[in-house]
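Visitor: Hi! Could you walk me through this one?
Guide: Happy to, here it is.

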Amino acid sequence: MRTRTLALAAASGFVLLAAAALPAIAQPVPGSLAPPAAEAADAQEGSVTAAELLAKLSSCSQISHGTYRTDEEASATVPVCDKNGAVFWKADMDIDCDGQVTTACNENTDPWFQDDTAFHTSGGEPLNAETLPYVVVPSSSSIWNYGSSGIEGGGVVAVVYDNKVEYAVVGDTGPTGIIGEASYATAAALGIDPDPETGGAESGVTYILFKNSTVSPIESHSAAVTVGDALARQFLQNN
């Protein structure tokens with residue numbers, strides 16, 4: 001549940017997760033926080049390509065009552081768009097490091113750290129932003145109520161960036177007027193600098209949230225990939 005609103009700089013490298021992180025992410029290069037850029041290409045998940053998904057998003061049927069800002073100081077320019085089986089938006093990516101205290105996500109690494117997330121694991125614990133790819137949705141407001149669009153905690157999201165697709169879950173909520181945020185693990189898997197203070201991407205990130213979908217348990221990334229890939233194939237057929 002973020003309240004920070006700083007514009008984040010885009011970066012080409014990314015900080016690697018620990019060995020327990022997603023299998024698509026390469027292990028660290030000794031003595032370096034960033035692997036060769038080519039290794040980020042391994043983040044492609046599932047059978048549906050980024051190009052196939054983006055080809056279905058060339059137009060926007062706006063369902064939000066107004067538009068969102070990507071940061072506090074930015075103009076409101078981002079609508080939430082409707083498609084058969086999904087909603088989507090195109091924005092930046094701020095880094096959410098909230099939830100469980102980990103090596104990468106804690107009050108020392110993140111000035112805005114909060115030790116909770118809007119949605120919890122099957123065991124009732126906050127999510128782990130360092131290891132679990134999740135996306136932040138704006139808290140319900142007069143602009144848009146995510147629940148009214150069939151979006152809920154644990155719902156499946158396809159995040160597209162730099163010709164890569166990463167499947168995530170809806171894991172947290174953010175400010176009512178700002179959009180474009182995902183967990184440390186989501187950013188790292190896509191080759192985006194996941195540093196919660198200085199990382200992120202300034203633009204070029206597409207978020208596709210599949211309606212009435214649920215990953216159970218929410219903390220299972222492999223389940224998100226399996227369900228997400230099936231929903232992505234269905235999305236291509238229906239749009």
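Guide: We can start with the model itself and then go through single elements and residues.

Visitor: Before that, what kind of model is it?
Guide: This is a predicted model, where local features need pLDDT of at least 70 and side-chain atom pairs count only at pLDDT 80 or more, while totals for chains, interfaces and linings use all residues. Residues are numbered from 1 along each chain as its sequence is written, and side-chain values use heavy atoms, leaving out hydrogens and water.

Visitor: What does the protein chain average in pLDDT?
Guide: The average is 86, and 82% of the residues score at least 70; pLDDT is the predictor's confidence in each residue, from 0 to 100.

Visitor: Where does pLDDT stay under 50?
Guide: Over residues 1-41, for which the model has 110 contacts beyond four places in sequence. A contact means heavy atoms within 4.5 Å. Where pLDDT is low, the predicted coordinates should not be read in detail.

Visitor: Tell me about helix α3. What does it pack against?
Guide: Its buried residues pack against α1 (50-55), β2, β3 (86-96), β5 (156-161), β6 (164-174) and β8 (201-210). Among those buried residues are H221, L231 and F235. Buried means under 20% relative accessible area, exposed over 50%, and partly exposed in between, using a 1.4 Å probe and protein chains only.

Visitor: And K83, is that buried or exposed?
Guide: K83 is buried, yet has no salt bridge; the nearest side chain of opposite charge, D82, is 9.0 Å away. A salt bridge needs a side-chain nitrogen of Lys or Arg within 4 Å of a carboxyl oxygen of Asp or Glu. For charge, Lys and Arg count as positive and Asp and Glu as negative, with His and the chain ends not counted.

Visitor: Where is K83, and what does K83 contact?
Guide: K83 is in strand β2 (residues 81-83). Beyond four places in sequence, its contacts include K56, F88 and F235.

Visitor: Switching topic: which peptide bond is cis?
Guide: The one from S216 to P217, with omega near 0°. P217 is in the loop between β8 and α3.

Definitions and conventions: Helices (H or I, at least four residues) and strands (E, at least two) are DSSP runs, numbered from the N terminus.
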